[in-house]
Amino acid sequence: MAIRSFTNVDSEERADTLIDLALDLRWTWNHSTDDVWRELDPVLWAATQNPWLILQAVSQDRLRLCLADPRFEDRVRELLENTNRLEASDAWFQKSHPGAPVRSVAYFSMEYMLSEALPIYSGGLGNVAGDQLKAVSDLGVPVVGVGLLYQEGYFRQEIDSTGAQVAVYPFNDTGQLPILPLRDRNGDWLRLKIPLAGSQLWVRAWEARVGRTKLYLLDTNDPANLPAHRTITGELYGGGSETRLRQEIVLGIGGWRLLRALGIRPEVCHLNEGHSGFALIERARFFMEDNNRPFDVALSVTRAGNLFTTHTSVTAGCDRFSPTLIEKYFKGYAEESLNISLHDLSALGRADPNDDSEPFNMAYLAIHGSGAVNGVSRLHGRVSRHLFEPLFPHWPEAEVPIGHVTNGVHVPTWDSPEADALWEKACGKERWRGSLEYVDEQIRCVEDHELWHLRKKVRKALVGFVRQRLPVQWMNQGEPPVEIERAARIFDEHRLTLGFARRFAVYKRPNMLLHDQQRLTRILTDPHRPVQLILAGKAHPRDEPGQAMIKEWNEFIRRAEVREHVVFLADYDMSMTQELVAGVDLWLNTPRRPWEACGTSGMKVLANGGLNLSELDGWWAEAYAPEVGWAIGDRQDHGNDPNWDAAEADALYSLLEQEIVPMYYNRDERGIPREWVKRIRESMARLTPVFSTNRAVRQYTEEYYVPLAAAYCTRAEHRGRVGTELLAWEREMISKWHIHFGSVAIETRGAEYFYSVPLDLGSIKPDDVEVEIYAGPQGSELPFIMAMALDRAVSDSPGVYLYAAAVPADRPASDYTPRVIPRRKGVLIPLELPLIAWQK
């Protein structure tokens, strides 16, 4: 949306243009407007980084004074012209996919990390969602976001005098958030009515602008609601199972109804985790009503345009609801709105559709209702195929239909001003808005002294941040004045600085460094090569082991010999993350493989010249090479083995002692650690473009959005005629799927085995099946799959056909097995129809 002109308007209208700038969250990654807000109120800007709050707080006299300043006026005019020019120009998507059938993609997520000014996030899931929304704006991909507006959001963290975490829940004043109520055509606040277990729930709609992209947020704090219903959107990940179910009804059903009320008809619905799975049901319901089709046909049509991205590595990570709760909230919806039984609706969330005692699994619903599923790293794709294999009985794990798109980070959000200037000098201003061609080559041309100068500046800034923040924290913890004074002088800008910041949970092993506290102390306090460590992170208020690990760290930090070398910064949030990832030299990550689905914190240091030392899990399992950082682990899964934890802790200490610390302090005559800088350059060049949301969003667009939109449009034509035909064929195949194999004949012919097998297909036509010969993977290879050719029909046996194939004789003949799967153009096998028959 173009921002109004700044020329030839009065001061009131000029103030309105500042409002437009403040409400466009582009300022969260394009810092060209920072000087405007700083000039209006430098103190409040430094404290909040929230332009919308500044505009509400600034006096009218101060505002008029600034608007009357020709220099200020010229600066604002320039910003408006640049924004309008950018809005009007074609971006990557328009240039690369001019004829694509994608007019709109609806992106659903339980949380979004866009700015500290809009605190509706918890951690990694929101990070991915927020960064992807920013990237689709940069690239011009037609995506709209849908989420929830929480009255309190996720908790804020304090540390008490004993070192324990304390959770506090400040209220989100909507008047101070950079959002506006969403209005209908008559100017009234857009409110939606949703049936909720026999009562009516009013849901209010808000709008946040994220550059070219819109984010629509829903909340239930409407005065017309029952008191208990007003708090449904009170806390992110708070309350019990019933509250969570209510939130997911608001997000999924309410979210899709909002899009309809706005006249938005997405071809693609992208679920960022399974929380919003009910959107798939509501999408099908609208297709039913629009086209007078039954629910099963509607789901067959709309499924083709749905994408489910799973972030879960363990079964317990999936939201599951009891049959009793599902009956309470969905019996009437199923029977009255969908014209199906509660049993049939519940089957969509179960592995066994006939087990009425099985909980309703939101991930299962998302898989059953989607045309594509992906994990968030290469390793996580493998983990997800194993996790969801029960939905595809008799299919090999490697063929469970789950791909992967490795997450990335929005580089302009996470690079420091100093790093941004270096990248712009090397690669140009538009580097993150295109295809990233040549970016790696250009950054490799940066001289050693420039890279090291960058690192010195950002490390100094980080030390300044710690010295500013820690005294306030310690004052709140009740530390004596002498300690507070010491906090203002803590750390040294020249020391090797390590960072560890993330959610404190057992599987992330945040206390691995404390395995041998004496050894860690020696590493930190070496008088010739000292090291300093910054820690931060929250544990969920109900995660007692996670909170205990926070306290253990704070108890260690109180030891006199390490107090100058380690700090724990309370209330880890987005603004703190930006400071940490800019300044740390080495980012640590120690999850228990393979439970880290991806992990994006380590990606954020890349553009800033930070290096990684991580377990070979998540993204680092595919990113690691000796030239770009360090790794622990053997690429195997060891579960909760305490002996393996101890072995990896020893490996971590050894890397620090023998390689990392010596390399950092090994300087040439100019004071530059050449080997360290060599790794910085290679890490920045090789990894930053690949692990960016620019790459991830382009991959989602080309591998999922465009083909899914085309498939949906094909099925939806003529009121869903194709979808109806496909569903009828699928049901026919299920009813006829009684395939019998005859005896397999095997001949060795030179370097090949020649297989032939008679198949009794019954009433199934040969054109409706694919007969293949299969051999399982050897080592890390993919399975061997080859189509068998139809040789001939067996004349004296109706429905019996002879199939043959020649395969390599480089493995035992017993490794190969014939099989039969359904085949029809446009049907997603096995996602929609998991039939398969094997020769026994």
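Trainee: Why is the crossing of α22 and α27 called left-handed?

Mentor: A crossing is left-handed if the near helix is turned anticlockwise from the far one by less than a right angle, and right-handed if it is turned clockwise; the crossing of α22 and α27 falls under the left-handed case. This is a predicted model, in which local features need pLDDT of at least 70 and side-chain atom pairs count only at pLDDT 80 or more, while totals for chains, interfaces and linings use all residues. Residues are numbered from 1 along each chain as its sequence is written, and side-chain values use heavy atoms, with hydrogens and water left out.

Trainee: What makes α22 roughly parallel to α27?

Mentor: The axes of helix α22 (residues 517–525) and α27 come within 11 Å and cross at roughly 20°. Axes are lines fitted to C-alpha atoms, for helices over the stretch in contact, and angles run from 0 to 180 degrees between N-to-C directions. Angles under 35 degrees count as roughly parallel, over 145 as roughly antiparallel, 65 to 115 as roughly perpendicular and the rest as oblique. The pair α22 and α27 is therefore roughly parallel. Helices (H or I, at least four residues) and strands (E, at least two) are DSSP runs, numbered from the N terminus.

Trainee: Which residues of α22 and α27 meet?

Mentor: On α22 they are R519, L520 and I523, and on α27 they are D650, Y653, S654, L656 and E657; contact means heavy atoms within 4.5 Å. By class there are 4 nonpolar, 1 polar and 3 charged residues, where Ala, Val, Leu, Ile, Met, Phe, Trp, Tyr, Cys and Pro count as nonpolar, Asp, Glu, Lys and Arg as charged, and the others, Gly among them, as polar.

Trainee: Why are α27 and α28 called roughly perpendicular?

Mentor: The axes of α27 (residues 642–665) and α28 (residues 674–687) come within 6 Å and cross at roughly 105°, and they are therefore roughly perpendicular to each other. In this contact, I660, M663 and Y664 of α27 meet E675, W676 and R679 of α28. These residues divide into 4 nonpolar, no polar and 2 charged.

Trainee: How do you know that α10 and α13 are roughly parallel?

Mentor: The axes of α10 (residues 241–261) and α13 (residues 323–338) come within 10 Å and cross at roughly 25°; the two helices are therefore roughly parallel to each other. Their crossing is right-handed. From α10 the contact takes S241, E242, L245, R246, I249, I253 and R257, and from α13 it takes L325, I326, K328, Y329, F330 and Y333. The classes come to 8 nonpolar, 1 polar and 4 charged residues.

Trainee: What makes helix α12 largely enclosed by the rest of the structure?

Mentor: Of the 9 residues of α12 (residues 295–303), 8 are buried, so the helix is largely enclosed. Buried means under 20% relative accessible area, exposed over 50%, and partly exposed in between (1.4 Å probe, protein chains only). The buried residues are F295, V297, A298, L299, S300, V301, T302 and R303. Their cover includes α11 (278–291), β10 (306–309), α13, α15 (362–368) and α29 (693–736).

Trainee: How do you know that C269 is in no disulfide?

Mentor: A disulfide is a pair of cysteine sulfur atoms within 2.5 Å, and by this rule the count comes to 0. For C269, the nearest cysteine sulfur, that of C713, is 14 Å away. For C598, the nearest, that of C318, is 17 Å away, and C598 is likewise in no disulfide. C269 counts as buried at 0% relative accessibility, and C598 is buried at 3%.

Trainee: Why is V584 counted as buried?

Mentor: Its relative accessibility is 1%, so V584 counts as buried. V584 is in the loop between α24 (574–583) and β18 (586–589). Leaving aside neighbours within four places in sequence, V584 is in contact with R455, L462, T497, L498, G499, V605 and G610. The C-alpha atoms of V584 and L498 are separated by 5.7 Å, although the two are 86 residues apart along the chain.

Trainee: What makes S161 partly exposed?

Mentor: Its relative accessible area is 47%, and S161 is therefore partly exposed. S161 lies in the loop between β3 (156–159) and β4 (165–168). Not counting residues up to four places away in sequence, S161 touches Q477 and R558.
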